[in-house]
Amino acid sequence: MEKISLILLGTVLIAVSISLAVAVPTNTLTQNVPAHILQDYIDIFSPVEDGLYTNRMVLLNISTGDDKVLYLSYFEKNGRQVYLCKKCSSFIGKKPFDEGLNQLFVQGAYNQGIIYGNVDFTVDSKKPIIKKTWGNKGFSDGIFWIEFQEVNPKDLIFTYGNNITGFRNMNLDINSCTDSNKNKICNVNVSLKDYDQQKGWYWFSLFDISDKSAFSKTKAFEVDMTPPIINSVNYTIKRNYVEFKINITEKNFDLVGYYETPSKKKSITVLCRKLKNGICDIKKSFKNGNHTLIIEARDKAGLRANTTINFETIR
């Protein structure tokens with residue numbers, strides 16, 4: 001579990017490099033102690049192994065038994081050595097530790113050598129913070145996002161639906177989230193087929209390992225997975241004018257227009273942006289000759305339907 005490298009300078013000055021398999025900090029120290037690692041261990045009564053503490057100020061209860069040591073110390077995550085006491089056999093007191101997993105390595109020094117002890121514990125003193133949530137603007141594509149701040153997340157639940165079809169829950173895999181500075185960003189992709197042509201609501205629930213929680217604001221979404229239906233295209237030709245009457249079924253209508261083929265023009269020529277009783281009624285002029293038009297209807301979700309017509313205009 002430990003790897004010890006010692007350099008003896010005479011009988012009093014040494015450099016000790018200690019690296020534990022439990023990933024405690026690696027340090028090079030210069031101390032007035034002999035170059036000898038003793039078999040005895042420091043007793044750490046608090047914190048306990050795999051303990052969970054909801055306050056950053058954690059009680060340290062450390063003992064070497066009856067014999068006094070030159071000093072007791074431990075190492076912070078950044079490698080800095082913190083001295084607890086000198087010429088002592090125990091220490092009881094509170095010290096601050098970082099959020100998340102802490103791997104405490106305690107060292108005591110005798111004239112004959114050093115002893116050590118180590119323990120892993122977790123601090124979870126802060127409540128989770130949900131920074132923001134979002135989805136596709138307009139009609140939802142089923143992909144929703146959350147950005148949150150929490151060192152010790154345990155459960156992330158996505159809730160969505162409505163009172164018509166019902167509400168559903170999905171547990172997200174937090175390990176698949178990505179880190180962004182101190183935050184985590186996660187997304188979920190759900191099928192909204194059952195909510196077609198409906199309005200729904202969604203929110204996220206976040207829980208940490210000490211069961212503190214945070215809930216996002218409830219937001220609305222709309223679903224449209226059904227493309228427009230072009231029921232009929234009727235037209236009347238008067239010389240070079242064509243009067244269109246296009247019957248369309250679409251709850252979230254955006255526009256109806258046409259592309260002429262062949263043509264160099266790539267954009268659609270809009271006929272109507274509003275329907276009256278489901279009808280686009282409009283008159284357009286055309287050059288003399290044969291015309292092939294691709295009539296296209298679009299809804300606000302970006303779904304499309306089209307049909308082709310042919311006619312000839314003569315002045």
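Modeller: Phe158 has a relative accessibility of 0% and therefore counts as buried, a term for residues under 20% relative accessible area, with exposed over 50% and partly exposed in between (1.4 Å probe, protein chains only). The model is predicted, so local features need pLDDT of at least 70 and side-chain atom pairs count only at pLDDT 80 or more, while totals for chains, interfaces and linings use all residues. Residues are numbered from 1 along each chain as its sequence is written, and side-chain values use heavy atoms, with hydrogens and water left out.

Across the whole structure, a search finds 23 aromatic pairs. Rings of Phe, Tyr and Trp (its six-membered ring) pair if their centres lie within 6.5 Å; planes under 30 degrees apart are stacked, over 60 edge-to-face, and the rest tilted. Phe158 and Tyr202 form a tilted pair, because their planes stand at 45 degrees, with the ring centres 5.9 Å apart. This pair links distant parts of the chain, with Phe158 in strand E15 (residues 153-162) and Tyr202 in strand E19 (residues 199-208), 44 residues apart. Strands are DSSP runs of E, at least two residues long, numbered from the N terminus. Tyr202, like Phe158, is buried.

Phe158 also pairs with Phe204, again tilted, at 4.9 Å centre to centre and 45 degrees between the planes. Here too strands E15 and E19 are linked, the two residues being 46 apart. Phe204 is buried, as its relative accessible area is 0%. Ring pairs join Phe158, Tyr202 and Phe204 with Phe144, Tyr160, Tyr195 and Phe221 into a cluster.

Methods: Helices (H or I, at least four residues) and strands (E, at least two) are DSSP runs, numbered from the N terminus.
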